[in-house]
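Dear colleague,

I am passing on to you the structure we spoke about, with the sequence alongside. Please look it over first, and then read the notes that come after it.

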Amino acid sequence: MISYFFLIVSIVAIVYVIKRYLNSHQLVKSYTFNPSNDCYNMEVILEQVKEAFNDILKTNLYEMNLRKEEFDKRLRNKNQLRKALKTCTYGDINAKNYIKDFIKDILLKKFQINEFNVDQIIPFNNPKQLSIQDQFDILLYTYKIHYGNHALEQLILLNHLDEAKALDNQSCYRIDEADVQEIYMREIKKVHNFQDKVNIIVQRVYQRYKGYGVIDEIRDMKIDGVSGGVSGIPTSFFQEVDYENKTLAGLPTSYDSVWIFFKGKTIHLSFLSFGSERELIRICKNIYRFNNPGQLSESNGYKVNEMKDGSRVVVARPPFCESWVFFVRKFDTVLGKRMEELITDRQNEIPIELIKWLIKGCRIIAITGQQGTGKTTLLMSAVQYINPAYTLRIQEMAFELHLRKLYPYRNIVTFRETNSITGQEGLDLQKKTDGTVNILGEVATAPVSSWMVQMSTVASLFTIFTHHAKTTATLVTSLRNALLQTGVFSNEKIAEKQVADVVNFDIHLEKDIRGHRYISRITEIIPLNQEIPYPTTFKDVSRWEEKLTCFMETMAEYFIRVTDRKIFKTKDIIIFRNGQYEYANGLSEIAIQAIQAHLSIKDADQFNQYVANNWGDAENVQSI
């Protein structure tokens, strides 16, 4: 009897040890698909993948009795996995691919996905059962095989999806469900390759687990930008009530909103949806976190930051914003582009040549225009004309220009504001960094306008900046008002004169309804001579009546100068008309002399020839 008892205890102990051993060696428990359960549901797979990663990270290596070499190897792999899970949410493509390889390994080895059950997850060979997102994912994956990160660009261009459509008797840019279905049935119909099927499923799992939902692959494409939550009815407004005899039920919500910015056009991907407000919030909370910019909260309702690949990201949330929204602006589509690729209209050599001489001549230039006209893009390309011997110092709100990627052999340092370092402190520091040329990424606020004037008058050879002004006059007025607002000046005329003396040229960009971007004009700002003395004829007359009359003329001139007298005038040098660029007027003698003063002997000869070819002799330029 005792021996029988000991036998049972021994068996139980052996079973316990074996189970403990197996649990310590098995990182992820096997999950066999079988038709009797709901294992083919994407939600179930997602939860199981999350659990698998948790099991891997929670595994106690010290209980596994490993040799030192094996222990160190597994520890490194575990730490690398933990790091990749964190950095893949920052826009790190390498970390993303690393995590996707893990997910694929889990699906194949632990979930035992094979050629027989893979179609039960996504019905690849039955187009009628595919959702519109399934079809789009398959299309994008297929194009990516052939075109890489230009897949979405080619999908749009080859199928003319960037052409305007009529909606409510108005023209708009929109890619809808019918477009995707038509392309899918024409080009794909069925997916036969097993590895392709697995890769598509892996991407779907990843974008729900650590990615950016339905825009995860879109964000990686070579497009100008992507945004979400910017249309539809915010969920806080969504109620089953009549509003002006219309019910809100059935209308799109804010989480049904996906828009892309493509070649100057804002296109609505109306067939895509984040699926829920919770998913949209998850993406907004993760997409801005690179370099720990701080917490997005109710008291701090927006964040401006960059991602690891250099994309600018802006996130806003209630109560500051009516709904959760994000905007990703990409600049890698223009890296390495020459000016000729950006300015493409007829006689494009006219503005390109003038821009070259303005920059070589160290003129202070404002690049103006509305959002999306290509101001930053033009600025990035124009830097090529700056003398390579000059050092560049850049001040930005968020890193956008990334000029070191374009010009890795130049002396370039970029500063930006942080929570603890103000822009003014950054500007003061720049004065101690041997800078020659100062660049301001965007002049959008009064303090930044004040910095621009400071940078242009002190401690730099010349300055280039961007601004949202519509006209040259409003550019000067806006900068003048900023100087008054910040208290740098108290007299309006003096502030305006300071701006007119500082800013030399305005390159204004525009974008038409078709998304075509062009330089509408290049304008010179010419300060007017304010040194003419007041009339003093009252000193030369003796009679009291004549003296009073002459003195009133002096007083009238004074009031004209302090009220309506112009401080500057503007002159369009180049204009865009009838689809081509033309010369409108010649450069002023002041501008020509200032440019010549900064050119080498060789460049000065070429510039003089340029002036003579287009406007004749320099002394005749102003009259043209």
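The notes below go from the whole protein to single places in it.

This is a predicted model, in which local features need pLDDT of at least 70 and side-chain atom pairs count only at pLDDT 80 or more, while totals for chains, interfaces and linings use all residues. Residues are numbered from 1 along each chain as its sequence is written, and side-chain values use heavy atoms, with hydrogens and water left out.

The protein has 21 helices and 20 strands, where helices (H or I, at least four residues) and strands (E, at least two) are DSSP runs numbered from the N terminus. Of its 624 residues, 47% are buried; buried means under 20% relative accessible area, exposed means over 50%, and partly exposed lies in between, with a 1.4 Å probe and protein chains only. The accessible surface comes to about 32,200 Å², and 52% of it belongs to carbon and sulfur atoms; such areas come from the Shrake-Rupley method with a 1.4 Å probe, and for residues only the protein chains shown count as cover. Among contacts (heavy atoms within 4.5 Å) with a separation of 6 or more, 65% are between residues 24 or more positions apart.

Turning to the helices, the axes of H2 (residues 42–58) and H8 (residues 194–209) come within 10 Å and cross at roughly 70°, the axes being lines fitted to C-alpha atoms, for helices over the stretch in contact, with angles that run from 0 to 180 degrees between N-to-C directions. That makes H2 roughly perpendicular to H8, since angles of 65 to 115 degrees count as roughly perpendicular, those under 35 as roughly parallel, those over 145 as roughly antiparallel and the rest as oblique. The residues that make this contact include Leu 46, Val 49 and Phe 53 of H2 and Ile 201, Val 205 and Tyr 209 of H8.

Phe 607, in helix H21 (residues 601–615), is buried because its relative accessibility is 0%, and, not counting residues up to four places away in sequence, Phe 607 touches Trp 357, Leu 587, Ile 592, Ile 595, Gln 596 and Leu 599. Ser 450, in helix H16 (residues 446–457), has a relative accessible area of 6% and is therefore buried; leaving aside neighbours within four places in sequence, Ser 450 is in contact with Leu 483, Thr 486 and Val 488. Glu 396 belongs to strand S13 (residues 392–396) and, with a relative accessible area of 4%, is buried too. The C-alpha atoms of Glu 396 and Gly 441 are separated by 5.0 Å, although these residues are 45 residues apart along the chain.

Some loop residues also deserve a look. A cis peptide bond, with omega about 5°, joins Pro 318 and Pro 319, and Pro 319 lies in the loop between strand S10 (312–316) and strand S11 (325–329). In the loop between helix H10 (277–286) and strand S9 (302–306) you will find Asn 291, whose phi is near 65°, a positive value in a residue other than glycine. Asn 292, in the loop between H10 and S9, has a positive phi of about 50° although it is not a glycine. At 49% relative accessibility Asn 291 counts as partly exposed, whereas Asn 292, at 64%, counts as exposed.

With kind regards
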